[in-house]
Amino acid sequence: MTDAQWFLIGTLALGAYSIRFLGLVSGQLISDNKHLSKFLADLPGCLIVALIASSLAGADPITWTAAAIAFVVALISNHVVITMIFGFIAIFALKHFFI
Amino acid sequence: MKQGFLSILPLAAGAAAYGFAFGVIAAQLDFPWWGIAIMSASVHAGSSQIVAVEQFASEGFVIGAVLAGLALNMRYLGIIASLNSVLKEVPLFQRLFAIHITSDENWALTFAKRAKDPSIGAPFLIGSGLTMFVTWIISTTGGALLGQSIPNLVDYGLGFAFTAAFIAMARAMWRNKQDTLPWVITFVVTILLIKLSLGSAFAIIAGSIAGVITTGLTQQISKKAAA
């Protein structure tokens, strides 16, 4: 491996862990603050919705349709694996028939 | 911990497809298989690794590639901060290890399970994190070693399985109708910011903060209305 590749991996590893460590410290500081601690209780739900939004932001109509199907399956089943299976079947079938 | 190991397996299968694809790309860009293994173990940030390696190959500048990769990883500020309630009772060395092996998938699954069963905590997070961590290392290294002899499952729509899983996890984390407006705000703000060309990592953080602020505002309005 070249020196540049080693440097890339080293700095990326250091940076990635620093971000996580900063998250750990800030989580502790926020939880110690009475007014801000509620922020941490609401954060996970908002973060996961934002992750879904980011994966759909540039997606085509087929992916949005599959997401809508997965949403309905999730509402009914409230089960991760069942929703994954139906989501995969939906996008596979939609791509097969419409592309 | 065993429950965490097993519960995450369907998601680990999806991550393996991504890991394999990354390994293929990285090997084509002259990274040796053992270098990819070291990178996956030490960095452990899927999308950041992909972006950094691609930037490095196309631009040739290490600092630019690292910054691009780290920008995508900024969401872990919020993800790890939110783990405070899960990790506060465990020893420091376990906390420092847990934050390294935490991924989007096992973090979200931990909170989804915890919403149904409050006894779910650090052992589940660490067990599921270890599964994802090992899967990522093996799949990326496997991709580098086996190259293109196996079809890219991501092209068949396997990547969407993650989105579907996150939708199901959000459903499990939905507490009551008071979550609806903040979540809609989060969704719309995140999409708008990405459409306005803000990096997705920053859009995720900004969208989440907009949602949390909305929660605070709606609760204050409800309290005033009740008083």
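The second largest pocket of this predicted model is lined by 17 residues, and those nearest its centre are A:V49, A:F71, B:I167, B:W183 and B:F187.

**Second largest pocket**
- Its space comes to about 480 Å³.
- α3(A) supplies the largest share of the lining, 6 residues.
- By class, the lining residues divide into 15 nonpolar, 1 polar and 1 charged.

**Largest pocket**
- The largest pocket holds about 1,000 Å³ of space.
- Its lining has 36 residues, and B:Y18, B:S47, B:D104, B:E105 and B:F162 are the ones nearest the centre.
- That lining is made up of 17 nonpolar, 14 polar and 5 charged residues.

- A:N78 is not a glycine, yet its phi is positive, at about 50 degrees.
- You will find A:N78 in the loop of chain A between α3 (61-77) and α4 (80-98).
- With a relative accessible area of 22%, A:N78 is partly exposed, because buried means under 20%.
- B:S197, which is not a glycine either, has a positive phi of about 75 degrees.
- In chain B, the loop between α12 (180-195) and α13 (200-226) is where B:S197 lies.
- B:S197 counts as exposed because its relative accessible area is 67%, and exposed means over 50%.

Terms used: Residues are numbered from 1 along each chain as its sequence is written. Chains are lettered from A and ligands numbered from 1 in the order in which they are written. This is a predicted model: local features need pLDDT of at least 70, side-chain atom pairs count only at pLDDT 80 or more; totals for chains, interfaces and linings use all residues. Side-chain values use heavy atoms; hydrogens and water are left out. Helices (H or I, at least four residues) and strands (E, at least two) are DSSP runs, numbered from the N terminus. Buried means under 20% relative accessible area, exposed over 50%, partly exposed in between (1.4 Å probe, protein chains only). On a 1 Å grid over the protein atoms alone, a cavity is a set of points where a 1.4 Å probe fits but cannot get out, and a pocket is an open set with protein on both sides within 12 Å along at least five of seven lines; lining residues have an atom within 4 Å of a point. Grid points are joined across faces, edges and corners, and a volume is the space filled by probe spheres set on the points. Ala, Val, Leu, Ile, Met, Phe, Trp, Tyr, Cys and Pro count as nonpolar, Asp, Glu, Lys and Arg as charged, and the others, Gly among them, as polar.
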